[in-house]
Amino acid sequence: MTPLSDAVPVPVDQVHVLTDLSWAGLILWLPLLSMVLCGICAIFKCRTKLPAWITVGCLAGSFITALFLWNHYEAPGDVVHIVRWFDVAWVGGGFSADISFYVDSLSLLWILFVTGLGTLIAFYASEYMEPDLGPGFCRFFAGVSVFLFAMSALVLADNLVLLYLGWEGVGFASYWLIGYYYTRPEAVAAAKKAFIVNRIGDLGLALAIWLCWTSFGTVQYDELVTVVESGQFTAMTGDWSVAAIPWLLMLAAFGKSAQLPLYVWLPDAMEGPTPVSALIHAATMVTAGVYLLARMYPLFLLDGDHSALHVVAWVGGLTALLAATIGMAQFDIKRIMAYSTVSQLGFMFMGLGVLTTYGAAYHVFTHAFFKAVLFLTCGAVMHGFAGQLDLRKLSGLRHIKGWRITAWAMFVGCLCLAGFPFTSGYFSKDAILAEAFVTHGPGFEILGWIAIFTAGLTAYYTFRVWFRVCAGPVQYEPGDEHHGDDHGHDGHFHPHAPRFAMNSVMAIIAVGALLAAVPYFMSSDVKGGWIADMVHDSTAAEGIPAVRQAADAEAHHGDILGFDPHVAMYWISGGVGFIGLCIAAWLHLFRRSDADALKRALAGNALIAWLPRAMERKWYVDEIYHALIRAPLWVLSHVFHAIDRIVIDLVIVDGIARLPRAFGRWMQPLATGGVQSSAAAMAGGVMLLILVLLIFLTTGALH
């Protein structure tokens with residue numbers, strides 16, 4: 001490990017193009033092949049698990065290929081050409097964007113856990129989705145394949161156009177999978193909500209790509225970084241188009257990664273099957289926004305005062321706090337984990353904003369494991385208890401035969417999410433919290449204390465779930481999906497425990513969540529472990545504290561309560577988390593009656609009765625959006641519809657069309673073919689001509 005002062009970022013413009021690694025294209029093509037084969041299975045009405053085994057096999061192949069690619073990696077990285085795509089030339093210019101991989105440490109870090117966890121979750125889903133064997137089973141695994149194809153394109157792209165293809169692809173796959181149960185209105189509404197809200201961010205990304213090309217003349221990562229590092233655009237040089245790029249990228253990231261004010265789609269996305277929640281909304285898709293900002297970090301640093309990053313930090317911190325308060329008051333355990341995802345994503349954006357791309361990337365890595373296992377354990381509960389997810393109707397899971405792996409896997413995930421000392425979440429979250437006190441920014445010290453308070457709330461609501469569901473006396477009620485075959489000979493409901501596929505995946509990912517702490521102690525270049533090494537050899541290198549301090553030897557090192565934040569934070573965050581855990585244990589394990597009494601006391605106090613109600617109702621954000629955006633647009637659409645039907649169609653279009661028809665009917669008696677009518681028409685015509693001549697003579701028009 002080198003001293004902080006010796007850390008120097010690797011020049012990105014040394015990346016070279018390789019063609020002998022074209023086999024890396026299998027990372028993309030194998031999921032695409034899986035999608036096609038799942039479609040063929042649907043055509044032939046396959047009612048076996050063949051689509052699942054095809055998908056697991058292809059995704060495992062992608063993961064193995066990614067491992068080989070990582071083994072071949074040498075800093076600063078390679079551009080691996082796969083397929084010629086856009087290559088347009090014209091007089092004085094041109095445009096090119098191939099399907100090529102930008103293989104550096106950042107893209108390798110992401111693709112390894114995307115394909116690895118994707119393979120495990122697909123194997124889990126092979127058992128979870130058994131009730132849908134048939135067309136639905138094929139459709140589900142085809143959607144998973146499309147998602148992995150798109151996510152791989154997004155992460156490995158060497159240019160912004162290919163990244164945009166993957167960006168839109170994961171949005172489409174998310175719509176596909178969230179709305180999997182298309183006969184349920186809630187699922188359809190959730191899918192549409194996710195699709196529409198994400199379009200706002202997608203517009204920002206499209207505009208950012210356009211401005212990158214018009215401002216820098218390229219959309220290739222390596223060329224963009226070379227232009228930026230040339231110094232030509234230092235301090236934005238007063239160019240509004242260059243200055244707008246970070247803000248548009250920020251908008252795109254906030255939409256995809258569910259940050260204020262665009263976070264509302266993610267909790268509703270829990271209407272999709274639980275493997276979808278674990279794969280898309282915990283481990284992969286929702287981290288795409290974090291990846292985008294880390295990949296384009298040099299553009300955010302062009303502005304000398306880092307104003308865009310300051311906004312990123314504050315939006316992330318406030319999102320983390322807001323989502324944590326909502327999660328505290330929910331009863332659906334899957335929805336609690338959804339709000340927890342929003343909150344943890346807020347921590348990641350806060351890390352990017354306070355200039356610790358290492359902390360953000362490390363938290364992405366650890367979160368992918370512990371949140372995936374939490375969603376999968378919630379899915380196992382939902383699957384075995386006939387759709388039951390209400391923590392008030394479940395208890396003592398760890399005492400029930402067949403459910404111990406689920407209970408203890410959830411316990412591991414809860415420890416990591418709560419940031420319990422020496423777990424993976426402990427190290428990754430502390431890297432972000434400490435840097436908020438080190439980095440100078442508008443109110444960053446206040447933001448740091450907000451984040452510490454949020455970490456305490458996280459520990460509380462996390463173990464509120466575990467103590468309620470897995471500890472305590474054995475009590476449970478089935479959900480709304482139970483049938484007669486769920487009852488035993490005694491006439492009572494009996495939950496069916498997960499089998500090998502689900503248990504093995506939960507156990508493996510739980511172990512992975514614990515082992516994710518190990519990279520913190522593995523390093524050869526900079527302080528922060530293996531993840532810091534990976535970020536160091538990428539475009540996000542300048543977001544590593546060691547690199548920033550090496551570039552500015554006189555950089556002031558902040559403090560917290562007079563101590564070094566990177567040392568003191570271990571004690572502060574650990575202590576705050578322990579307090580949250582103890583409160584959860586008291587109210588939801590040892591003295592559950594006290595929790596009910598506290599709730600009644602709060603409801604009876606006129607001064608604060610609104611607080612728990614507002615938290616349970618999600619601060620009325622959906623209602624506010626409905627009142628300010630959805631309802632006015634609904635009214636406006638009906639007004640325009642009325643204008644279209646009455647004014648445009650009835651008056652203008654139909655009215656003009658009726659005029660010649662009315663004139664024709666008026667003249668119809670003159671065209672009967674009879675002698676008398678013809679003579680009358682001739683006489684009328686003569687009299688009309690005479691009248692016209694008289695008018696011209698009297699007005700002098702003929703002179």
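Helix 7 contributes most to the lining of the largest cavity, giving 4 residues. This is a predicted model: local features need pLDDT of at least 70, side-chain atom pairs count only at pLDDT 80 or more, and totals for chains, interfaces and linings use all residues. Residues are numbered from 1 along each chain as its sequence is written, and side-chain values use heavy atoms, with hydrogens and water left out.

**Cavities**

Helices here are DSSP runs (H or I, at least four residues), numbered from the N terminus.

A cavity is a set of points on a 1 Å grid over the protein atoms alone, where a 1.4 Å probe fits but cannot get out; lining residues have an atom within 4 Å of a point. Volume is the space filled by probe spheres set on the points, with grid points joined across faces, edges and corners. The whole structure holds 6 cavities of 30 Å³ or more.

The second largest cavity is lined by Lys193, Tyr263, Val264, Pro267, Asp268, Ile326, Tyr339, Lys618, Val621 and Asp622. Helix 9 (265–268) and helix 25 (621–667) each supply two or more of its lining residues.

| Cavity | Volume | Lining by class |
|---|---|---|
| Largest | about 60 Å³ | 7 nonpolar, 1 polar, 1 charged residues |

Classes are as follows: Ala, Val, Leu, Ile, Met, Phe, Trp, Tyr, Cys and Pro are nonpolar; Asp, Glu, Lys and Arg are charged; the others, Gly among them, are polar.

**Thr325**

Thr325 sits in helix 13 (residues 307–328). Its relative accessible area is 13%, so Thr325 is buried (under 20% relative accessible area, 1.4 Å probe, protein chains only). Leaving out residues up to four places away in sequence, Thr325 touches Leu457, Met615 and Trp619 (heavy atoms within 4.5 Å). With Trp619 there is also a side-chain polar contact of 2.9 Å (a pair of N or O atoms within 3.5 Å, one able to donate a hydrogen and the other to accept it).

**Helix 3**

Helix 3 (residues 105–128) has 24 residues, which should span 34 Å at 1.5 Å a residue. The expected span is 1.5 Å times one less than the number of residues. The end C-alpha atoms of helix 3 are 34 Å apart, in agreement. Of its 24 residues, 22 are buried, so helix 3 is largely enclosed by the rest of the structure.

How values were computed:
1 Å grid on protein atoms, 1.4 Å probe; cavity = no way out; pocket = protein on both sides within 12 Å on 5 of 7 lines; lining within 4 Å. Buried < 20%, exposed > 50% of the residue type's maximum accessible area, 1.4 Å probe, protein only.
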